[in-house]
Amino acid sequence: MRQFAKYARGLVAGLTGVALAACGGGGGGTTASGTQASPGAPSAPVAPTPTGTAGAALSLAAQVGQKLFFDPTLSASGKMSCATCHDPNHAHAPPNNLSVQLGGPNLNQPGSRAVPSLRYKEYTPAYADLLSNPDGISQPGPGGGFTWDGRVNTLADQAALPLMSPVEMANVSQAAVVKAVQAASYAPLFRQAFGSGVFADAATAFANIAQALQAYQREDPGFHPYSSKFDLYAGNKVGGSLTAAEIRGMRVFTDPARGNCASCHYQGAGLNGSSALFTDFSYEAIGVPRNMAIAANQMAGYYDLGVCGPNRSDHAPAAPGAADIYCGMFKTPTLRNAATRQSFFHNGVMHTLEQVIRFYNTRDTYPEIWYPTVGGTPKAVADASFPTYGLITTQYVGGAVRKYDDMPAGYVANIDPQMPLDGRKPGSMPPMSEQNISDLLCFLNTLTDGYKPPASAPISGACVN
Ligand code: HEC
Ligand code: HEC
């Protein structure tokens, strides 16, 4: 019988031992990690349900939260719930491959960022400029918090954002949300959870709605099932033997000289007693290409620069264009269930995991397939050797590549220089071989929840040998 996930620490530590190149976080302490420390509602700790089914074990607040999460009447359109964008059947991420989702009263208003998965957020500490890094080696740096730029500190505060955003659930006021809850079939449950007079004051009722959504996300095992093949492997469970290809991929993932993914997507023991979350909660600038499919990006002077704005203002440059180390930084997301995603990075500019890996591998060696070329002449027929896996498949003669086209030139200095994005010269050897790439993909596929070991081990297939 499987227990609700806890790892044999030794095993996980063993596989992480090699992966300690510095990533902008810090050394294993307590700073700002207290607020969201433990999963489960503070008032009503719950027994984990090994089957992964929600319901009986949830606190009253979390039970209401579950109703709220799936309730489309909490949107101006009457058609959009949290689950529309954070679909539990798609690892609490969108069911489609749009870079950004459409919302608003008529469901035709585009957002400006890709929708993250809501899985494995229960250990996320509050944002801090100098958050300790779980790897115990890296210097403290920007980390923690919710959204791609960390502007929200708790899951409860986060819930207010989509409810009120004009391009998401688009409610005109908090009172409108409260009114919808008051009219809902589960209004009695809401009163039971938060008091019979809870609807008397709209602000209090709204705060409790947010609390309920937080309790649901923290308590329901569906948000943190730890049911991937990797979890069986790390827990030394039956069915958890990785194939030769997956093992090699794991080594690429942790090897500082090849993938080095683990230095940011850290898979060792994390903050607050967590383990193998495949993120160190840190913010880094890696120079993801601009996505012209995002409406806001049609405006020439508009840049989404993450931690320095425009969606948060506490780290805005002192004057337009002034030096600011926070510009271009986005949150390092967990890689659990990344293989199920259909849009990647904060702007959803890529749509396959293989393309993401190839971007890491050739951002510096082949920048012209990721960033636009200015002033060149397109070739009618590209050379046979010109790669077709990039964002740009037209080959140019002459011209200049506008590398890091989604940030003003002054912020290029903020780009993180560590492997595999070490700034090596165009045309030089990329850090990963074709074999490394396919092995890494195999390993990342072991991080998908809901793994059912086959009756007998496969003897053929892409990820076996
Ligand atoms: C229209 C699509 C949409 C809907 C509906 C929606 N969200 Fe989101 N959600 C997003 C996007 C986009 C982001 C990233 C926002 C950002 O980075 O600024 C996000 C981020 C989040 C995050 C932060 C995750 C992280 O990795 O930091 C949480 C938590 C969250 N949403 C919860 C909810 C809840 C609860 C609801 C319902 C009340 C909801 N969302 C409804 C699109 C949506
Ligand atoms: C320097 C730190 C760093 C390293 C090293 C790193 N990543 Fe990332 N990763 C990030 C950050 C930061 C983002 C978000 C960037 C953005 O959206 O602008 C990200 C995003 C991703 C995403 C998109 C996930 C999603 O939900 O959209 C994938 C997949 C990914 N990384 C895989 C990898 C792999 C595989 C490697 C190793 C080859 C790797 N990363 C190495 C920091 C890093």
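1. Residues 1-55 of this predicted model have a pLDDT that stays under 50, pLDDT being the predictor's confidence in each residue on a scale from 0 to 100. The model has 146 contacts beyond four places in sequence for residues 1-55, where two residues are in contact if their C-beta atoms, placed from the backbone, lie within 7 Å. Where pLDDT is low, the predicted coordinates should not be read in detail.

2. For the chain as a whole, the mean pLDDT is 89, and 88% of the residues reach 70 or more. Residues are numbered from 1 along each chain as its sequence is written, while chains are lettered from A and ligands numbered from 1 in the order in which they are written. Because the model is predicted, local features need pLDDT of at least 70 and side-chain atom pairs count only at pLDDT 80 or more, whereas totals for chains, interfaces and linings use all residues.

3. Of the 465 residues, 49% count as buried, a residue being buried if 20 or more other C-beta atoms lie within 10 Å of its own, exposed if 12 or fewer, and partly exposed in between, with C-beta atoms placed from the backbone. Among the contacts with a separation of 6 or more, 72% are between residues 24 or more positions apart.

4. Which residues come closest to ligand 1? They are C82, C85, T147, W148 and P162, out of 25 residues that surround ligand 1, a residue being near a molecule if its C-beta atom, placed from the backbone, lies within 6 Å of it. The shell around ligand 1 divides into 14 nonpolar, eight polar and three charged residues, where Ala, Val, Leu, Ile, Met, Phe, Trp, Tyr, Cys and Pro count as nonpolar, Asp, Glu, Lys and Arg as charged, and the others, Gly among them, as polar.

5. Helix α4 (residues 155-164) also meets helix α7 (residues 202-219): their axes come within 8 Å and cross at roughly 115°, the axes being lines fitted to C-alpha atoms over the stretch in contact, with angles that run from 0 to 180 degrees between N-to-C directions. The crossing of α4 past α7 is right-handed, a term used if the near helix is turned clockwise from the far one by less than a right angle, and left-handed if anticlockwise. On the α4 side the contact is made by L155, A156, D157, A159 and A160, and on the α7 side by A210, Q211, L213, Q214, Q217 and R218. Six of these contact residues are nonpolar, three are polar and two are charged.

6. L68, in helix α2 (residues 60-69), counts as buried because 24 C-beta neighbours lie inside 10 Å. Not counting residues up to four places away in sequence, L68 touches L74, I209, A212 and L213. The C-alpha atoms of L68 and A184 are separated by 9.4 Å, although the two are 116 residues apart along the chain.

7. Around ligand 2 there are 28 residues, and C261, C264, F330, F345 and H346 come nearest. By class, this shell has 18 nonpolar, seven polar and three charged residues, and its largest share, four residues, comes from helix α10 (residues 353-362). Seven of the ten residues of α10 are buried, namely V356, I357, R358, F359, Y360, N361 and T362, and what covers them includes α11 (434-445).

8. F345, in the loop between β6 and α10, has a phi near 75°, a positive value in a residue other than glycine, and is buried because it has 20 C-beta neighbours inside 10 Å. N272, in the loop between α9 (244-254) and β5, likewise has a positive phi, near 60°, but N272 counts as partly exposed because it has 18 C-beta neighbours inside 10 Å.

9. Where are the cis peptide bonds from G309 to P310 and between M419 and P420? P310 is found in the loop between β5 (283-284) and β6 (330-331), and its bond from G309 has omega near 10°. P420 is found in the loop between β10 (400-401) and α11, and the bond joining M419 and P420 has an omega of about 5°.

Definitions and conventions. Helices (H or I, at least four residues) and strands (E, at least two) are DSSP runs, numbered from the N terminus.
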